[in-house]
Amino acid sequence: MPKSIVIEPERVFASEKISFSDIPVNAYAKTIEEELADFSTEDFLNIWHDLCAIRIFETILNEIKTKGVYNGVAYNHAGPAHLSIGQEAAAVGMAFSLTAEDHIFGSHRSHGEILAKGCSAIRQLSDARLLEIMQSYRDGAILRPVERGYEGSVQGLALRFFIYGAYSEIFARETGFNRGLGGSMHAFFAPFGVFPNNAIVGGSGSIAPGAALFKRVNRQPGIVVANIGDASFGCGPVWEGITFSAMDQYRQLWDESLGGGLPIVFNCMNNFYGMGGQTLGETMGVQFIARIGAGVNPEQMHAERVNGYDPLPVIDAFRRKKQVLSEGRGPVLLDTVTYRISGHSPSDASSYRSKEEIERWKEADSIRAFRNKLADHRVVSEEALDTVKTRVEATVFEMFQLAIDAEMSPRVTAGSEMVGEVMFSNQHVERFDSRTPEFVQDIAENGRVQQIRGKIRTPTHEGQAVPKMKAYNVRDAIFEAMLHRFRVDPTMIAFGEENRDWGGAFAVYRGLTEALPYHRLFNSSISEAAIAGAAVGYALEGGRVVAELMYADFMGRAGDEIFNQLAKWQAMSAGQLTMPVVLRISVGSKYGAQHSQDWSALVHHIPGLKVVYPVTPYDAKGMMAAALAGTDPVIFFESQKVYDSGEMFAAEVPEGYYEVELGEPSVKRGGSDLTLITLGPALYTAIAASSALEERFRLSAEVIDLRAAVPLNYAPLVESVKKTGRVVLLCDAVERGSVMHTVASNLTQLCFDYLDAPPVVLGSRNWITPAAELETLFFPLKDYRPGTRQDLEELARRARLGI
Ligand SMILES: Cc1ncc(C[n+]2csc(CCOP(=O)(O)OP(=O)(O)O)c2C)c(N)n1
Ligand SMILES: [Mg+2]
């Protein structure tokens, strides 16, 4: 199906000018009298309440961090506290008119946003719903301490619950939102629409678009807000997230009923500083973050700068921008100007800014200014304001004391395996929604399905080896497993570069293009960080996704998203969230240094990721099926050396559904003298080696394919080594630090008494991957003959040189 937009030479070479329209800067000009049409007295008091709640919450943290005591209560908080004193109005303005269905993502400095959004949600949800949430969330673990002796309203109880959960989380207590595994910089509470906050600057910039994507694809209500700092606009993944959110296909190619552009606000909490780096005139050249919108799309992202030192212009902006998003005209960029009166962290001496500057912003303090505005215009009495302030300050202080009470708010006990237990969710979920999955073609009529039906699913047929063109291969296997899940789970989507019309860079998806609507299979911008990040955001919202990174070498472009986001959110949520993401990664061959590396060791080192590498059609289908039924992030390596492989080491690849358990090694050939353990296409090298050993030396080598690096069942490996007493481990990755070294080390411990010699690890040379013509120097190949010195002296020499 060719693209609907034809690129015409005459058009693209026509002379014209690109024109920009004005970007509003502090355009808000309503008087308080005018605002009375939109706000009730109660609204104003609520805004005031939330401002005061944040200020006291942060002040207590500041005092205990800097002085070890607040109001006579001593406490030593070991962890971080990036405070937002000064930024309250921006947070409250952002959250005030959002509903619980609107989801916010944030940064290391998001306590204020968390509280503002929580307070806003509490006011909007019914008492019954609030009680349901509090009672069911972690079986009432947060509710129990705060309901003791409390006799007020449900909303009041919810406020206690929320402040207590936040403090407990910051203080790493069992009673925190996420049992203290998130902590200050990663705290969140999804039932109120507070989604993960991120200690990686700009981390939310690539994740939040995935959440917005989920809302579009699954026709869910609400918008998504990525609250990120001004300095984060220098981060590549933020720009990628913006690009991903602004892809024109949402409006040009996707079904209109989905609602158009992604419903996301990139909300810059612009306090003019990174830590000590000043974005204005030093580390950035844009002056106005809003200006960035001008480069993104013709709508300039509906960008504008608003005064975030006053909650009302921010509320006004969010109301207008929500309208823009509901009309399908997203994404939106807001440059919300504010100021961090507090240091970056309590240890910050503010040496990078003058005292006068801080004093001027203190004088203009948003909370005092708001109070004066209300009082001066007699909108609310000073008395009413004081009552609200006193009450909320007392509640926050009480919750602080409760959260540091070791008895009421314990930490996990020493020796607990709690962290390990929440690393993986290990669930089996057929579908995340009961809707009928959307297709645009009857699958029986799909060309690829018909083609595969004509293929031979056994290694030999009528006594002959099956010719390549006729053999069911690894590509077909992945296709079939994915098609199955697409047909069962309506939330399942796939995206990445060249995924659609091209059929996937390696033709795995050929046929899916005709079968699936755009929103279930689409091309993304060349934005690996956004591809992986959006997959994370999509999964955090409750959908299943297969993202593709093309070459393993491109993982570097998505390093944070894979290593810090995909891997960690299940554990940092203490098991509240699942991460049903399969990240397909192809390992190249014959493409040189930047396209032919096996980086399985990199991801295998990161806790929280499952890492698999099937190389036969049977394993590829069964393992993709298992990955797509699970709820954990799976890095699914595929080898370009074996995409066309029909070699199966098993009688037949079933047409029907089956799963191969992730982490179960497979004995591909039995033997008794030696164990050869492989990961990836080195399986074929090992099979060839075992045949050669048999022919030349009458040695019987058992060949075991790990099929996965994480998790891994050592039992069959131990069993084999006990039998043979000798083990050689090989894979295509460079030898230094390969997965095989971990396995060898563990086998040495597990089988020491049975080994006749130390395990031997083979891998590629510790070099860059050379050109195709030179690859025989590099890979442990099928017809390998030792042509180099491999004695101990030589090994030591090379190690000393780092090669
Ligand atoms: C990727 C990354 N680089 C650097 C840091 C260290 N760091 C923490 S906060 C910060 C400044 C962030 O500034 P900004 O995004 O404007 O947010 P603000 O602190 O002003 O709220 C830096 C450099 C980090 N956490 N993550
Ligand atoms: Mg900043």
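## Surface and overall form

The accessible surface of the protein chain amounts to about 32500 Å², and carbon and sulfur atoms contribute 52% of that area. The model is a predicted one. Of the chain's 803 residues, 59% count as buried.

The chain contains 28 helices and 22 strands. Its C-alpha trace spans about 100 × 70 × 50 Å along the principal axes. Among contacts with a separation of 6 or more, 79% are between residues 24 or more positions apart.

## Salt bridges

The structure holds 46 salt bridges. One of them joins the side chains of Arg55 and Glu88, at 2.6 Å from N to O. Arg55 belongs to helix α3 (residues 41-66) and Glu88 to helix α4 (residues 88-96), so this pair ties together parts 33 residues apart in sequence. Glu88 has 0% relative accessibility and therefore counts as buried.

A salt bridge also connects the side chains of Arg305 and Asp335 (3.3 Å, N to O). Here the link is between distant parts of the chain, 30 residues apart: Arg305 is in strand β7 (residues 304-307) and Asp335 in strand β8 (residues 332-337). Both residues of this pair are buried.

Asp732 and Lys641 form a further salt bridge, with their closest N and O atoms 2.6 Å apart. Asp732 is in strand β21 (residues 727-734), while Lys641 is in the loop between β16 (634-639) and β17 (666-669), 91 residues apart. Asp732 is buried at a relative accessible area of 7%, whereas Lys641 is partly exposed at 35%. Elsewhere, Lys30, Asp38, Glu304, Asp316, Arg320 and Lys321 are joined into one network by salt bridges that share partners.

## Arg707 and its surroundings

Arg707 is located in the loop between β19 (701-705) and β20 (708-710). Its relative accessible area is 9%, so Arg707 is buried. The Arg707 side chain makes a polar contact of 2.8 Å with the side chain of Asp619. Apart from neighbours within four places in sequence, the residues in contact with Arg707 include Val612, Tyr613, Pro614, Met623, Glu664 and Leu679.

## A covered helix and a nonpolar patch

Helix α21 (residues 559-566) is mostly covered, with six of its eight residues buried. These are Gly559, Asp560, Glu561, Ile562, Gln565 and Leu566.

On the surface, Trp767, Ile768, Leu774, Leu777, Leu801 and Ile803 form a nonpolar patch with about 580 Å² of accessible area together. Ile803 is in the segment after α28 (792-801), and its relative accessibility of 35% makes Ile803 partly exposed.

How values were computed:
Residues are numbered from 1 along each chain as its sequence is written. Chains are lettered from A and ligands numbered from 1 in the order in which they are written. This is a predicted model: local features need pLDDT of at least 70, side-chain atom pairs count only at pLDDT 80 or more; totals for chains, interfaces and linings use all residues. Side-chain values use heavy atoms; hydrogens and water are left out. Helices (H or I, at least four residues) and strands (E, at least two) are DSSP runs, numbered from the N terminus. Buried means under 20% relative accessible area, exposed over 50%, partly exposed in between (1.4 Å probe, protein chains only). A polar contact is a pair of N or O atoms within 3.5 Å; within protein, one must be able to donate a hydrogen and the other to accept it, and residues adjacent in sequence count only if both atoms are side-chain atoms. Contact means heavy atoms within 4.5 Å. Patches are made of residues with over 30% relative accessible area and no salt bridge: like charges are joined within 9 Å, nonpolar side chains (Val, Leu, Ile, Met, Phe, Trp, Tyr) within 5 Å. Accessible areas come from the Shrake-Rupley method with a 1.4 Å probe; for residues, only the protein chains shown count as cover. A salt bridge is a side-chain nitrogen of Lys or Arg within 4 Å of a carboxyl oxygen of Asp or Glu.
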